[in-house]
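Colleague: Hi! Could you walk me through this structure? I'm new to this, so please keep it simple.

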Amino acid sequence: MSEALPEGVERREFDGAERLATRGEPVYGEPTDSEWRAWNPHRSKLGAMLELSMDTGLEGGETVLYLGAASGTTVSHVADFAGPTYAVEFAARPVRDLLEAAESRDRLFPLLKDARKPESYAHVVESDVDVIVQDVATRGQARVALENRQFLADDGQLLLAVKARSEDVTREPAAVFEDVREELEEGYEIVESRRLESYHADHLGIVARPL
């Protein structure tokens, strides 16, 4: 566990409550205070991982490959404190919102691509990224992480949010998580894992390093 936050992320008070915050243009109607905007962990798996003091290893300024960017809720916060941030999303509708989020963020690069087909964006994403953040609601989430391992530096980190119900709605989440962990260990060493229940039902947060 780590209480440390990346440079560019602070705990600030909004409406009488202390919350995570980054500096940037608001994206999803979040509360703001001057140049700061609140980071809602109930809408962000990575935000939940930070709130739960998981040791993400984030320091600020990293090159990031973000898989499952959706409309940009979380990846916009990441781009507020990270370096070049490649945001992969396969659905056209949320990409339109993602493009709007990127207008004020010159380090955020939206890609209308499928995270299950990394060969389709391998010519765009630079090699040896520092961090992969993955939040894809699909079957085969461990396989997606393994297929995208090729982009990650040898000393990089995988920050993975596993959604049990996307793998199998009929099984107990704990059993699903065990299977995902086992498959993930084909290419990663799991450093830390923690259920995100207080913010996201049936989700597991995983921090892992490439083997």
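Modeller: Happy to! One term to start with: contact means heavy atoms within 4.5 Å. Also keep in mind that this is a predicted model.

Colleague: Thanks! So which strands does H6 lie across?

Modeller: H6 lies across E9, E10 and E11, and runs at about 160° to E10.

Colleague: And what sheet do those strands sit in, in what order?

Modeller: They belong to an open sheet of 7 strands with mixed pairing, and the order is E7-E6-E5-E8-E9-E11-E10. E7, residues 108–112, and E10 stand at the edges with a single partner strand each, so one side of each has no neighbour in the sheet. On average, neighbouring strands here are turned by 15° against each other, direction ignored.

Colleague: Which helix lies across E7?

Modeller: That would be H3, residues 92–102. H3 lies across E6 as well as E7, and runs at about 165° to E7.

Colleague: Back to E11. How does E11 pair with E9, parallel or antiparallel?

Modeller: Antiparallel, over 6 bridges. Leu160 stands opposite Ile206 of E11 there. E11 also pairs with E10 in the antiparallel sense, over 7 bridges, and the bridge partner of Tyr188 in E11 is Pro210.

Colleague: How many of the 8 residues of E11 are buried?

Modeller: 7 of them, so E11 is largely enclosed by the rest of the structure.

Colleague: What about E5 and E8, parallel or antiparallel?

Modeller: E5 and E8 run parallel, joined by 4 bridges. Leu67 stands opposite Gln134 in E8.

Colleague: New topic: how many residues does the largest nonpolar core have?

Modeller: It has 30, and the residues with the most contacts inside it are Leu65, Leu67, Leu184 and Tyr188. Among the elements that each supply at least two residues of this core are strand E5 (64–67), helix H6 (173–184) and strand E11 (203–210). As background, nonpolar side chains in soluble globular proteins tend to be buried together.

Colleague: Which residues does Leu65 touch?

Modeller: Leaving out residues up to four places away in sequence, Leu65 touches Tyr86, Val88, Val125, Val129, Val131, Ile132, Val133, Asn148 and Phe151.

Colleague: And what does the second core include?

Modeller: That one is separate and has 27 residues, including Leu20, Tyr28, Leu52 and Phe81.

Colleague: Great, that helps a lot!

How values were computed: Residues are numbered from 1 along each chain as its sequence is written. This is a predicted model: local features need pLDDT of at least 70, side-chain atom pairs count only at pLDDT 80 or more; totals for chains, interfaces and linings use all residues. Side-chain values use heavy atoms; hydrogens and water are left out. A nonpolar core is a set of buried Ala, Val, Leu, Ile, Met, Phe, Trp, Tyr and Cys residues joined through side-chain atoms within 4.5 Å. Buried means under 20% relative accessible area, exposed over 50%, partly exposed in between (1.4 Å probe, protein chains only). Two strands pair if DSSP finds at least two bridges between them. Axes are lines fitted to C-alpha atoms, for helices over the stretch in contact, and angles run from 0 to 180 degrees between N-to-C directions.
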